[in-house]
Amino acid sequence: MQYREDKASGNQLSALGMGCMRFPMNKKESEALVLAAIEGGVNFFDTAYIYPGSEVTLGEILAKHNKRKDVYIATKLPIVKCKSPADFDRLFEEQLKRLKTDYVDYYFMHAVSSYSQWKALQEMGIENWLAKKKASGQIRQVGFSYHGTCDDFLEILDSYPWTFCMIQYNYYDENYQAGKKGLMAAVAKGMSVFIMEPLLGGGLATGLPKQAAEMLTQPDMTPADWALWWLWNQPEVTVVVSGMRSIEILNANIKSADAFRPLTQEELAVYPNVVEIFRKTYKYNCTGCNYCLPCPKGINIPACLTAYNTSFGQGYVKGITLYATTTAVITKKPNTPRNCNNCGHCERHCPQGIPIRAALKKVARRFEPLPLRPAYALIRKIIGG
């Protein structure tokens, strides 16, 4: 494993961090993943209050195997749940209990999307609260994760002595949200920068159109390697956080981190061409974060958007196959986009700003046009769904 220094603390952090949002449902599998990650040299684990079961699972594993002091825990204050100053202590104490620890190494303000959100926390006294927690040693470093415009990002940078931040950044999203400009501005302030969605929810690993994937010609590099190496090629990037749900993916990413070497000019010249092709087929910038869920109508929104993107990038047959298996369209009680009641719950929580209601209408038109509906009904009748 290669390591990079967090200059504010001197901590040597693994270039590959483990995102804990997508832990497997099976706790034994999660335990095996965490232990294998630590064995492979990963020492940065990123979780959050609102990731279902994540803090509890991570805390139990680390406590059971006496690994707390071997890792750095990053977790996040759910700012949407902070309605009064009393909520800061209530939520933080609950997080410490979940994580079975008495301190947090890296504490984020979670999913800040505008300066006004941070200002509201300031008005509630968050700065004094953070100062007390830092003085007590319960919080070691303070930062924020970000989903918003670059202008607001820059304003937030100037409003508090942050030591780190997390941004969505990859070779497709180079100028999206905070983007390259935000990365460089944060580094200029001496901050460490952690990266989320390095593979665009898997799109840059397994979702590339064939023509784009064929451009990535290095024989010992997978599309995922190309995406990860693009990030590690930038010394301004401290940790690349990846949500790894299987031992196979974990081992592949650890191998990639071990093998990383600076990219050549010829290799760097490939990325713009891949992006140009991918952009034509990647209709919605969904990363599968699941913040839009649960849908009141039971629609698996990320899966629907993934199927839609896939149908353009890898063919209609593959797309509609994904759609059928994730929406139960051939069963008696399908959860398809046609069930959408237009409530807008999903859009209020989407960090990518996707117009989900309009998108679902397009998904329904593509996969459930009038000519196909009798076929779905016939299949349901045959299988007795």
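Student: Arg261 lies in the loop between helix 11 and helix 12. What makes a stretch count as a helix here?

Tutor: A helix is a DSSP run of H or I with at least four residues; a strand is a run of E with at least two, and both are numbered from the N terminus. This is a predicted model, in which local features need pLDDT of at least 70 and side-chain atom pairs count only at pLDDT 80 or more, while totals for chains, interfaces and linings use all residues. Residues are numbered from 1 along each chain as its sequence is written, and side-chain values use heavy atoms, with hydrogens and water left out.

Student: Why is Arg261 called partly exposed?

Tutor: Buried means under 20% relative accessible area and exposed means over 50%, with partly exposed in between (1.4 Å probe, protein chains only). Arg261 has 30%, so it is partly exposed. Its C-alpha atom is 11 Å from that of Leu231, 30 residues away along the chain.

Student: What makes Thr264 buried or exposed, or something in between?

Tutor: Its relative accessibility is 34%, so Thr264 counts as partly exposed. Thr264 sits in the loop between helix 11 (247-259) and helix 12 (265-268).

Student: How do you know whether Cys289 and Cys350 are bonded?

Tutor: A disulfide needs two cysteine sulfur atoms within 2.5 Å. The closest cysteine sulfur to that of Cys289 is in Cys350, at 6.3 Å, so it is too far for a bond. Cys350 is likewise in no disulfide. The count is zero disulfides.

Student: Why is Cys289 called buried?

Tutor: Its relative accessibility is 15%, so Cys289 falls on the buried side. Cys350 is buried too, with a relative accessible area of 15%.

Student: How many aromatic pairs are there?

Tutor: There are 31 aromatic pairs. Rings of Phe, Tyr and Trp (its six-membered ring) pair if their centres lie within 6.5 Å; planes under 30 degrees apart are stacked, over 60 edge-to-face, and the rest tilted.

Student: Why is the pair of Phe92 and Trp129 called edge-to-face?

Tutor: The ring centres of Phe92 and Trp129 are 5.6 Å apart and the planes stand at 85°, so the pair is edge-to-face. Phe92 is in helix 3 (residues 86-99) and Trp129 in helix 5 (residues 126-136), so the pair ties together parts 37 residues apart in sequence. Both Phe92 and Trp129 are buried.

Student: What makes Tyr308 and Phe312 an edge-to-face pair?

Tutor: Their centres are 5.1 Å apart and their planes are at 70°, so the pair is edge-to-face. Both lie in helix 14 (residues 301-313), four residues apart, about one turn of the helix. Tyr308 has a relative accessible area of 8%, so it is buried. Phe312, at 30% relative accessibility, is partly exposed.

Student: Which residues form one aromatic cluster?

Tutor: Phe44, Tyr72, Tyr106, Phe108, Phe164 and Phe194.

Student: How do you know that Arg140 sits over the ring of Tyr103?

Tutor: The rule asks for NZ of Lys or CZ of Arg within 6 Å of the ring centre and within 35 degrees of the ring normal. The charged end of Arg140 is over the ring of Tyr103, 3.9 Å from its centre. Arg98 lies over the face of Tyr49, at 4.1 Å from the ring centre.
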